[in-house]
Amino acid sequence: MKRMQVTCGNCAGCGYVNQKFIPNNDGKTMRIEEDICNECNGKGYTEYAVFSIEEAEAILKHCGLDGSV
């Protein structure tokens, strides 16, 4: 089994969503607040498992399925 990474579809790989610009007390500068993406936990990517044909057949056999259509 291999683990593959794909860009998070929720945050487009940024790791955050809902970027907000908030003025500082001096009224001249701003600060940025970002909410961490809940789907990727701020990593910017999600992982999924990829099985070889042999591994997939072994899983099917273990579950009592023969893999035929």
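Tutor: Let's open with Asp35, which is partly exposed at a relative accessible area of 31%. Here "buried" means under 20% relative accessible area, "exposed" means over 50%, and "partly exposed" is in between, using a 1.4 Å probe and protein chains only. One caution before we go on: this is a predicted model, in which local features need pLDDT of at least 70 and side-chain atom pairs count only at pLDDT 80 or more, while totals for chains, interfaces and linings use all residues. Residues are numbered from 1 along each chain as its sequence is written, and side-chain values use heavy atoms, with hydrogens and water left out.

Student: How much of the protein is buried?

Tutor: Buried residues make up 9% of the 69. Helix H1, residues 53-62, is hardly covered: among its ten residues the count of buried ones is zero. Just after H1, Gly64 takes a positive phi of about 85°.

Student: Back to Asp35, then. Which residue forms a salt bridge with Asp35?

Tutor: The general idea is that side chains of opposite charge can pair when their charged atoms come close. The cut-off here is a side-chain nitrogen of Lys or Arg within 4 Å of a carboxyl oxygen of Asp or Glu. For Asp35 the partner is Lys20, with the closest N and O atoms 3.8 Å apart. This pair links distant parts of the chain, Lys20 in strand S2 (residues 16-23) and Asp35 in strand S3 (residues 30-36), 15 residues apart. Lys20 is partly exposed at 40%.

Student: How many salt bridges does the whole structure have?

Tutor: Three. Another one joins Glu47 and Arg3, at 3.2 Å from N to O. It too links distant parts of the chain, Glu47 in strand S4 and Arg3 in strand S1, 44 residues apart. Arg3 is exposed at 62%, whereas Glu47 is partly exposed at 38%. Then there is Glu33 with Arg31, whose closest N and O atoms are 3.4 Å apart.

Student: How do S2 and S3 run, parallel or antiparallel?

Tutor: Strands pair here if DSSP finds at least two bridges between them. S2 and S3 are joined by six bridges and run antiparallel. Tyr16 stands opposite Ile36 in S3. The hairpin has six residues between the strands, and there Gly27 takes a positive phi near 80°.

Student: Which residues does Ile32 touch?

Tutor: Contact means heavy atoms within 4.5 Å. Not counting residues up to four places away in sequence, Ile32 touches Gln19, Lys20 and Phe21. Ile32 sits in strand S3 and is partly exposed at 47%. Its C-alpha is 27 Å from that of Val6, 26 residues away along the chain.

Student: And which residues make the nonpolar surface patch?

Tutor: Patches use residues with over 30% relative accessible area and no salt bridge; like charges are joined within 9 Å, nonpolar side chains (Val, Leu, Ile, Met, Phe, Trp, Tyr) within 5 Å. Areas come from the Shrake-Rupley method with a 1.4 Å probe, and for residues only the protein chains shown count as cover. Met4, Val6, Tyr48 and Val50 make a patch of about 310 Å². Strands S1 (2-7) and S4 (45-50) each supply at least two of its residues. Val50, in strand S4, is partly exposed at 32%.

Student: What is Ala49 in contact with?

Tutor: Ala49, also found in strand S4, is in contact with Met1 and Lys2, leaving aside neighbours within four places in sequence. At 39%, Ala49 is partly exposed.

Definitions and conventions
Helix = DSSP H or I, 4+ residues; strand = E, 2+ residues; numbered from the N terminus.
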